[in-house]
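User: Hi! I am new to reading protein structures. Could you walk me through one, feature by feature?

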Amino acid sequence: KLEKGKYIFMWYPHGAFSSSMFFHTATEFTEWPLQLKDIRCVALNMVHGFPFMSEIFEKLHIIPSNYHTMKNALQDNSISVSAGGMREMLYEDTALLARRRGIFKMALETGTPLVPVISLGDTKLWEIVKIPDCIQDILEPYDICVPIPTFKSLWKSIGLLQNPLKDPILTVIGEPIAVQQVELPTDAQIAELRSKYIGSLKQMYKKETGRDLTIA
């Protein structure tokens, strides 16, 4: 059980629209522990530019995935982030973490513990239309993809509040990874923390699913 305090909640898998992370940490619809409710959910910068989204996100305490905005939020709150990025939704049993460094650098600079979170079944809530690989490959350098939900997924989500899911989504909160504050973390320290987090995530995933998690 996590004590009240500031954490960086690291969610896997990303899933289309990070539904589990949103419902757990930006709404009151779920049984997310009350002592952990003081959280700022992180959404992709570009999404905040869509019409009316900035106003909606402000009401829900959702912040853009900007390094300084996220770091400033940690002064008073926890943050909740899908560190693998949106391209993670294109793969199964694969976490896109091998090249991530910003979130680990931030954890070291602020001394904020990392908490691995696995949400089993999240990717089934929003199934996406198969887009030609050539299109998705063009977007890879920008770390984005085209996540078009299927009509069935849209219909299911519209009636989510009235019709509970037949297959519930199970969210597992892992043990916090303690982080010693370092004013100017080195590349080696960032890599060490990333490796520690990945090890914890892989162990959790194996325990909960019986499958190995690939890191890319």
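Predicted model: local features only at pLDDT ≥ 70, side-chain atom pairs only at ≥ 80, totals over all residues.

User: How many helices and strands does the protein chain have?

Analyst: The protein chain has eight helices and eight strands. Its radius of gyration is 17 Å, close to the 17 Å that the globule rule gives for 216 residues, so the chain is as compact as a globular protein of that length. The C-alpha atoms fill a box of roughly 50 × 40 × 40 Å along the principal axes.

User: How do I read burial, and what share of the residues is buried?

Analyst: A residue counts as buried when its relative accessible area is under 20%. Here, buried residues make up 44% of the 216 residues in the protein chain.

User: What about charges? How many positive and negative side chains are there?

Analyst: There are 23 positive and 24 negative side chains, and the centres of the two sets lie 1 Å apart.

User: Let us zoom in on one residue. Where does Ala-16 lie, and is it buried or exposed?

Analyst: Ala-16 lies in the loop between strand 1 (8–12) and helix 1 (19–26). It counts as buried because its relative accessibility is 2%, against a cut-off of 20%. Leaving aside neighbours within four places in sequence, Ala-16 is in contact with Met-89, Trp-126 and Ile-128. Also look for Pro-147: it is 131 residues away along the chain, yet the C-alpha atoms of Ala-16 and Pro-147 are separated by 6.5 Å.

User: Which residues of helix 1 are buried?

Analyst: Ser-19, Ser-20, Met-21, His-24, Thr-25 and Ala-26 are buried. Helix 1 is mostly covered, with six of its eight residues buried.

User: What does the side chain of Asp-122 make a polar contact with?

Analyst: For a polar contact, check which side chains pair up and at what distance. The side chain of Asp-122 pairs with the side chain of Ser-20, at 2.6 Å. Asp-122 lies in helix 5 (residues 122–125), and its relative accessible area of 1% makes it buried. Its contacts beyond four places in sequence include Pro-13, His-14 and Gly-15.

User: Can we compare that with Thr-30? Where is it, and what does its side chain contact?

Analyst: Thr-30 is in the loop between helix 1 and strand 2 (39–43). With a relative accessibility of 25%, Thr-30 counts as partly exposed. Its side chain makes a polar contact with the side chain of His-24, at 2.9 Å. Setting aside neighbours within four places, Thr-30 is in contact with Phe-23 and His-24. Ile-198 is 168 residues from Thr-30 along the chain, and their C-alpha atoms are separated by 27 Å.

User: Now a whole helix. What do the buried residues of helix 4 pack against?

Analyst: They pack against strand 1, helix 3 (67–73), strand 4 (78–81), strand 6 (114–120) and helix 8 (187–209). The buried residues of helix 4 (residues 102–110) are Ile-103, Phe-104, Met-106, Ala-107, Leu-108 and Glu-109. Following the helix is Gly-111, whose phi is positive, near 65 degrees.

User: Which phi value does Asp-93 have, and what about Asp-143?

Analyst: Phi of Asp-93 is near 55 degrees, a positive value in a residue other than glycine. Asp-93 lies in the loop between strand 4 and strand 5 (94–95), and it counts as buried at 16% relative accessibility. Asp-143 is not a glycine either, and has a positive phi of about 60 degrees. You will find Asp-143 in the loop between helix 6 (133–139) and helix 7 (151–158), where it counts as partly exposed at 28% relative accessibility.

Conventions:
Residues numbered from 1 in each chain as written. Heavy atoms only, no water. Helix = DSSP H or I, 4+ residues; strand = E, 2+ residues; numbered from the N terminus. Rg over C-alpha atoms; globule rule 2.2 N^0.38 Å. Buried < 20%, exposed > 50% of the residue type's maximum accessible area, 1.4 Å probe, protein only. Lys, Arg positive; Asp, Glu negative; His and termini not counted. Charge placed at Lys NZ, Arg CZ, Asp CG, Glu CD. Contact = heavy atoms within 4.5 Å. Polar contact = N/O pair within 3.5 Å; in protein donor to acceptor, adjacent residues only side chain to side chain.
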